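Hi everyone, thanks for making time. Please bring up the sequence and the model on your own screens, and I'll talk you through a few spots.

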Amino acid sequence: MDHPILTITHGVQFSAAHRMNNSRLSPERNLEIFGPCNRIHGHNYRVEASLRGPLDPETGMVANLVDLMRVMKEEIFEQLDHQLLDEIPWLKDTVISAETLAIAIWKKLANRQDELGAALDLVRVYETEADSAEYRGPASNDF
Ligand code: NI
């Protein structure tokens, strides 16, 4: 019996405010780089996390998505929904973009890898329906 490898995904949505701002730069330079995104504004974010592993022939599953659902609710929704992201302690000192959010959320989920049942493979952050960033963790992203 072979064990095909699959990727499974859970998504959560939350609404939050942020501004694009690099505190090491002058207000003028921030405005030049980020334009209107330098002002506080909101997004309806969607975050998807994927787990990858072999199919368990006994359960017909790669992992029980209930576990990923619980971890994502605790680490993402409960911490970020209706917040000003710039004030979240674990996002402090970063320019809050879809890219940096994907990295920060990857770290939060990776810290709970033991609970996930299969290897964390991908975090994708949609800032709008059209725009997203994805991160596959440090191992596959080191240049
Ligand atoms: Ni924005």
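Predicted model: local features only at pLDDT ≥ 70, side-chain atom pairs only at ≥ 80, totals over all residues.

Residues are numbered from 1 along each chain as its sequence is written, and side-chain values use heavy atoms, with hydrogens and water left out.

When I say helix or strand, I mean DSSP runs numbered from the N terminus: H or I with at least four residues for helices, E with at least two for strands. H18 and H43 are both buried. Buried is under 20% relative accessible area, exposed is over 50%, and partly exposed is in between, using a 1.4 Å probe and protein chains only.

Now the aromatics. Rings of Phe, Tyr and Trp, the last by its six-membered ring, pair if their centres lie within 6.5 Å; planes under 30 degrees apart are stacked, over 60 edge-to-face, and the rest tilted. How many aromatic pairs does that rule give? The count is two. F14 and Y45 are stacked, with 5.0 Å centre to centre and 20 degrees between the planes. F14 sits in β1 and Y45 in β2, so this pair ties together parts 31 residues apart in sequence. W106 and Y135 are edge-to-face, at 5.7 Å centre to centre and 80 degrees between the planes. That pair links distant parts of the chain, with W106 in helix α3 and Y135 in strand β4, residues 132-135, 29 residues apart. W106 counts as buried because its relative accessibility is 10%, and Y135 is buried too, at 14%.

On to the strands, which pair if DSSP finds at least two bridges between them. β2 and strand β3, residues 119-126, pair antiparallel over seven bridges, and E48 has R124 in β3 as its bridge partner. R124 also stands opposite E134 in β4. β3 and β4 pair antiparallel over four bridges, forming a hairpin with five residues between them.

Last, two single residues. I5 lies in β1 and counts as partly exposed because its relative accessibility is 47%. I5 and R52 are 47 residues apart in sequence, yet 7.0 Å apart in space, C-alpha to C-alpha. Not counting residues up to four places away in sequence, I5 touches R52, G53 and P54, where contact means heavy atoms within 4.5 Å.

And S97: buried or exposed? S97 is buried, at a relative accessible area of 10%. You'll find S97 in the loop between α2 (65-80) and α3 (98-110), and, neighbours within four places aside, S97 contacts M20 and E127.

That's my tour, and I'm happy to take questions.
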